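Which parts of it are worth a look?

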Amino acid sequence: MGELVVDKHVKYILSVEKRKDSFESVVLEHLRMNGAYWGLATLDLLGKLDALDSNEVIEWIMKCQHESGGFAGNIGHDPHMLYTLSAVQVLALFDKLNVLDADKVANYISGLQNEDGSFSGDEWGEVDSRFSYLAICCLSILHRLDKINMEKAVNYIASCKNVDGGFGCTPGGESHAGQIFCCVGALAITGSLHHVDKDLLGWWLCERQVKSGGLNGRPEKLPDVCYSWWVLSSLIMIDRVHWINKDKLVKFILNCQDTENGGISDRPEDAVDVYHTYFGVAGLSLLEYPGLKAIDPAHALPVDVVNRIFFQK
Amino acid sequence: MRKESMILKGNSLSLLNEFELILESDPLIDEVGFIHPSQFVTLNKEASSSLEHEDANFWSRDHKLAISTDVLLPLYKEVKDVFMHAISQYKRHENLSDASWDEGNLESEVMKHSKALLLLSCDFGTAWNFRKLIVSKKQHMLIFLDELFLSALVLSYSPKSEKAWCHRRWVIKMIAGKCSTMQDIVGKESELVEKIAERSKMNYRAWNHRCWLVSYMTTEQVLHELKKSRNWAGLHVADNSCFHYRTRLMLRIREDHCHKLEDGTSDGNDEIYRIWQEELDWNEALIKCYVGREALWLHRRFLVFSWIRHFTTNLGDTSNYRVCKSSINADIGIFMDNELHLANSCSTIPDNEFEDFQAQAIYSATYILWLTKQISDSQGIELQEKPNLGSLKTVLNMACPERSFLSDISTGITGKCDEGLKENRYLLR
């Protein structure tokens, strides 16, 4: 079995930013903030966050903040909860949360809570249990959970639960490992995991492991490295991670590396990207792969960063 | 690459003009795709036309549009620049609330460039947002319907585009209540999802949209959808999303039924019983026909468990509760016997060891384990007889050594069943 090619992954992440010569790379500029989080969180887990200039990144992040308090995916774009959490997470990585007006960001988020406890992603009103996670995780990092109606928020998430124990986008939506992570993560942060049927959900999540050792996100789908994160983190939060075969999963993730040029892909032999590189490394971190920083399964940040936020006030 | 290097800054503007002219001259374009320039030759041959030259950047006929992959990068950069410029002008004038500004002109610029941009970058949220802003000021039915049309065009090249699906929901929420043809619109939305699901397998976003529509449907529509989607599901037995859609429809029917029971407009479970029984029979037939399909077994878990739950919770606290309870428990016993029989008949692995049969054996064994655990975890339901899991456990250990969690669980279940069994005997005497 090959090993994690740490130096090559670092080199790959640093090179992604410089590539502006293909349609495929420039067409994703509207979500650059998410890209920054995936890339920088990977560097931090690999212990190499100092490989780039933090001031430059922070300056750019603050240019993406909208007057409403929310952050956009790039300069000049509209704000959305998706980018607001990424911006806050990156600032947390650099220990620079102090550059933020936390109340302003918190007001943006609490303003998006609806009467039934759910959250809209932005002012245009699309509702999704993912946005509940984004809101709760972000407010938790900012120590501002008191700004929302927590009871209603939790009840809405609980209403997205299905007969199979999983969670969907809205009440009655199909269970999906990504949505499950969001719902379980939000319930974990708010201390409401009693809403989860742990054996039932754990069963469904364990059935995501296929013969190759990889995990899929829904029944009958091919395995994909990103579910190493969504499924594993959920299993850890509900204390059922011993139910899957960890060795086979480690092997699957390592097989998805580009050992020559760095980066990790969705499946062996596919093209790499920064999204799958992050989820591969984060998955290995959850699997306690040697040499990686530990990651917090609910906040999706390295444990030392989370400790800094909550215990060094 | 040849073409990219030839395109200079001035050229990309004329490229954009050419693109937007095509979009304006044919507002009925309903399909768009990116193709390699060498494929233009084939397209022209098929259309038996000599009108287009080989080094064309676009191809358009019969309301279909193809864009050469050679021009995507310069075209995208240009359209993004003009769009960003248009919205900054629009915002500036809006903030000044300057009476002299030509609002109509600025709006049509934003609408034109945002459309071109979204045909290259489907999830460019800011472009969708500015369309929402302008359209909501008009509050005109036909303009709302145009937005549904544009969203469908974007979905033709990017069927998983989250923002395009989201835009549809926004439009529907805007017109709901103001529109007499709501039922028609919901019906057409459902058809669109089915069309897209045909080309784009297991598309979570598409099916999620269809599930979302259910709350806007009338009871008749829900019944009609249940009937209609059955045929599709039977032809796509690996598409879990379609079975989930049926789950959603069935739960809505049960919900409506419970309201009727409360109102006193219905007094029996006959219809629910019939719908569930039909689905169970059909599912069993599919399981036997299509060997080793996970989605079918998972659908059965839902059917059986929700069936049992419905008939036990609807019992309530009637005076003859104890009698009913034991008779229900007896019924569940018979029911479980049938399920065990089905699982056992699916758990033989022939000597030639086809992968599908192995998968079928695993799914059938885990199905019974799952069901047994759910029932023994539920309050108020006791299994009269401990199901004989022995042979199924052997199957699991043999075929599926990595599912170690199952042996954990099955040991737990066997213990619980023993307790349940003792309690139940006591109750019956």
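The model is predicted: local features need pLDDT of at least 70, side-chain atom pairs count only at pLDDT 80 or more, and totals for chains, interfaces and linings use all residues. Residues are numbered from 1 along each chain as its sequence is written, while chains are lettered from A and ligands numbered from 1 in the order in which they are written.

Reader: Which domain does UniProt place at residues 5-300 of chain A?
Author: Over this stretch the chain is 47% helix and 1% strand. Helices (H or I, at least four residues) and strands (E, at least two) are DSSP runs, numbered from the N terminus. UniProt positions are in the numbering used here, feature names are shortened, and annotations may be inferred rather than shown by experiment. The unreviewed entry names residues 5-300 of chain A "Prenyltransferase alpha-alpha toroid".

Reader: Which helix of chain B gives the most to the side that touches chain A?
Author: The contact takes 38 residues from chain B and 30 residues from chain A; two residues are in contact if their C-beta atoms, placed from the backbone, lie within 7 Å. Helices of chain B that each supply at least two residues include helix 4 (72-96) and helix 12 (240-263). The top contributor, with 6 residues, is helix 14 of chain B.

Reader: Is Phe243(B) buried or exposed?
Author: Phe243(B) lies in helix 12 of chain B. Leaving aside neighbours within four places in sequence, Phe243(B) is in contact with Ala233(B), Ala295(B) and His299(B). A residue is buried if 20 or more other C-beta atoms lie within 10 Å of its own, exposed if 12 or fewer, and partly exposed in between, with C-beta atoms placed from the backbone. Phe243(B) has 27 such atoms within 10 Å, so it is buried.

Reader: Why do the buried residues of helix 6 of chain A line one face?
Author: The buried residues in helix 6 (residues 102-110) of chain A are Val105(A), Ala106(A), Tyr108(A) and Ile109(A). Seen down the helix axis, they line one face because they fall within a limited arc, taken from the directions from the helix axis to the C-beta atoms. What covers them includes helix 5 (81-93) and helix 7 (129-141) of chain A. The arc is 155°.

Reader: In what order do the 3 strands of the open sheet in chain B come?
Author: Two strands pair if DSSP finds at least two bridges between them. Strand 2 of chain B and strand 3 (residues 64-68) of chain B run antiparallel, joined by 4 bridges. The edge strands are strand 1 (31-35) and strand 2 (58-61) of chain B, each pairing on one side only. The pairing is mixed, and the order is 1-3-2.

Reader: What is the phi of Asp95(A)?
Author: Most residues other than glycine have a negative phi. Asp95(A) lies in the loop between helix 5 and helix 6 of chain A. Asp95(A) is exposed, with 12 other C-beta atoms within 10 Å. Although Asp95(A) is not a glycine, its phi is positive, about 55°.

Reader: Which loop holds Asp239(A)?
Author: Phi of Asp239(A) is near 65°, a positive value in a residue other than glycine. Asp239(A) is exposed, as 11 other C-beta atoms lie within 10 Å. The loop is the one between helix 11 (226-237) and helix 12 (246-255) of chain A.
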